[in-house]
Amino acid sequence: MKKQQITSSVAGLLVAAFSVIAVSATAQTGSTPQEPRKRPALVVGIVVEGLSMDYIDLLRHRFTEGGFRRLLENGVTVSDLDFGTPLDGAAATAMLFTGASPAVNGIGASAVYDPEARRVNPVLLDPETIGNFTDETLSPKGLAASTIADELRIDGGGLGYVYSIAPDAVEAIILAGHTANSAFWINDATGKWATTTFYKDLPTPAQNLNHREPNEYRLDTLQWTPLLPLDRLPDLPTYKKLYPFRHTFPRASATRYKAYKNSPAVNTDITRLAADYINILALGKRESTDMLNLGYTLQPFIYGREADNRAETMDAYLRLDRDLGRLFDAIEQKGPGMDRTLVFLAGTPLTNRSRRDDEKWNIPFGEFSSRKAVSLLNMYLMAIHGNGEWVSGYHDGQLFLNHKLIKERNKDLTAMRDESARFLTRMSGVTNAWTVDDVIDRRATDNPDAMRRNTVVATAGDVFVTIAPGWQEVDDDSDTDTPRTTVRAASATAPAFILIPGESARTIAAPTDARALAPTVAGILRIRSPNGAALPPVRF
């Protein structure tokens, strides 16, 4: 009996001890369920064309506290968003906002070639719509997947507002998605802020700029000169410091508005308009979450006289840093506050084009004439298959065969593609040529899976050619006022930053698939990922 009492006492002590340990462990590990973070009142999505982490690191000591340094010191930094292959701004923006590759979202490039009409059209051409302040007829119907903006608006039952502003029409529409209130961009021909009747809202701030400060007159006196003395810019050679750049946008120039849209002046104007949206439209001050998406550019300025545009590029970064600071100040002072705003900023790959170096440097150089390539290939195919116009045209590194003629003559399309590719590889200035069948079967380029993902077969050419580095691609039908550029190898990566209220700073250095950004933002907002997003979100 005594032994049983002792045993019972020991057992009781052990139970009590384990209970204390369990309670203590629970308290130490913080396993008590916590309330989920409150959803932001405002989401600001920013896409920056040509953003480079190298330049951000180089200029970090010249940035202000409120712009890039705020992103670096308070947000999640993703050093390398990997797009798979180089993409233009429109295709990269679509990948970021849909979480899907071009093969899924339908946007392989900003413009596509129509082989039957033999002309280049915007990828989002929609003749059923009309433009406001423009003759462009565009809509998001060609965007084949939902975007993060669509999912946010659907989640709120349409009560939240979604707006976008960007220099380029196609990118502005992609940023807006299918369900937005409006998308505004700058027309290349008139400089007016323009939109499409697909969207039903005409925000007052954008209309006011057209009436009160039209670019047609404002650019007459606009000058771009260095923000800081050039001797304060790092790694700039002495000769560049002696002659500060000065760029104007004269009325007589046929590319006046294109040059303006390639300069930091357009970033400043977009920031000012965004601040007016936040203030006048009271974004982030209602029950539902609102979204404002912006497009900026840091692509090298190609409208100067010199190939070396490092001074202009660094100046553009410094100016965008100040613009971001002004945007964040507007959110703080006129919007819901940065503590109630989710900001994500992502870059797109740097362009693979630059001005040609001076001939005195003896860098190998040549000209690839697209018209000559089409003519020679057509002559070659006629020698094999008989007279006829076997080649329909060329656009953006792709040759298009005449499918109608090939079918009428009962020719094998695959065989003719192979013949064309073999012929083109022997042309001067062509380093590689692949057929679209090679792309589909994952035999093209050093990264065949990414090439397949990033190709929209429905609008692709029959043969893809790679032009040699240093060569100029001469398009005889292009605007002769636009400066010619040479081909350079380019990376397919860019950085991204996410400012999450209440979260501490951290860095993700490992390469991250660009398609993961949309589901990551969706996860933070606790909404569905876009319908084409198959990757899981990045976990912080």
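Biologist: In which loop does Asn410 lie?

Modeller: Asn410 lies in the loop between helix H15 (403-408) and helix H16 (413-424). Please note that the model is a predicted one. In this model, Asn410 has a positive phi of about 55°, although it is not a glycine.

Biologist: What is the phi of Arg118, and where does Arg118 lie?

Modeller: Arg118 is not a glycine, yet its phi is positive, about 55°. Arg118 belongs to the loop between strand E3 (111-114) and strand E4 (119-122).

Biologist: Why is Arg118 called partly exposed?

Modeller: Buried requires under 20% and exposed requires over 50%, with partly exposed in between. The relative accessible area of Arg118 is 34%, so Arg118 is partly exposed.

Biologist: How many salt bridges does a search of the whole structure find?

Modeller: The search finds 27 salt bridges. As a general point, side chains of opposite charge can pair when their charged atoms come close.

Biologist: Why is the pair Glu332 and Arg70 called a salt bridge?

Modeller: The definition asks for a side-chain nitrogen of Lys or Arg within 4 Å of a carboxyl oxygen of Asp or Glu. For Glu332 and Arg70 the N to O distance is 3.9 Å, and the pair is a salt bridge. Glu332 lies in helix H13 (residues 310-334) and Arg70 in helix H3 (residues 68-74), so the pair ties together parts that are 262 residues apart in sequence. Glu332 counts as partly exposed because its relative accessibility is 41%, and Arg70 counts as partly exposed because its relative accessibility is 22%.

Biologist: What is the N to O distance in the salt bridge of Lys261 and Asp188?

Modeller: The distance is 2.5 Å. Lys261 is in helix H11 (residues 256-261), while Asp188 is in the loop between strand E7 (182-186) and strand E8 (193-196), so this pair joins parts that are 73 residues apart in sequence. Lys261 has 13% relative accessibility and therefore counts as buried, whereas Asp188, at 38%, counts as partly exposed.

Biologist: Which residue forms a salt bridge with Arg256?

Modeller: Arg256 pairs with Asp220, and their closest N and O atoms are 2.4 Å apart. Arg256 lies in helix H11 and Asp220 in the loop between helix H9 (215-218) and strand E9 (223-224), 36 residues apart. Arg256 counts as buried because its relative accessibility is 4%. Glu216, Asp220, Arg251 and Arg256 are linked in a network of salt bridges.

Biologist: Why are H12 and H13 called roughly parallel?

Modeller: Helix H12 (residues 264-280) and H13 pack at an angle of about 5°, with their axes 9 Å apart. Angles under 35 degrees count as roughly parallel, and the two helices are therefore roughly parallel to each other. The residues of their contact divide into 9 nonpolar, 4 polar and 4 charged.

Biologist: Why is Thr271 called buried, and which residues does Thr271 touch?

Modeller: Thr271 lies in helix H12. Its relative accessible area is 4%, and the limit for buried is under 20%, so Thr271 is buried. Not counting residues up to four places away in sequence, Thr271 touches Tyr296, Asp323, Arg326 and Leu327. A polar atom of the Thr271 side chain also lies 2.9 Å from the backbone oxygen of Asn267.

Terms used
Residues numbered from 1 in each chain as written. Predicted model: local features only at pLDDT ≥ 70, side-chain atom pairs only at ≥ 80, totals over all residues. Heavy atoms only, no water. Helix = DSSP H or I, 4+ residues; strand = E, 2+ residues; numbered from the N terminus. Buried < 20%, exposed > 50% of the residue type's maximum accessible area, 1.4 Å probe, protein only. Axes fitted to C-alpha atoms, helices over the stretch in contact; angles between N-to-C directions. Parallel < 35°, antiparallel > 145°, perpendicular 65-115°, else oblique. Nonpolar A, V, L, I, M, F, W, Y, C, P; charged D, E, K, R; others polar. Polar contact = N/O pair within 3.5 Å; in protein donor to acceptor, adjacent residues only side chain to side chain. Contact = heavy atoms within 4.5 Å.
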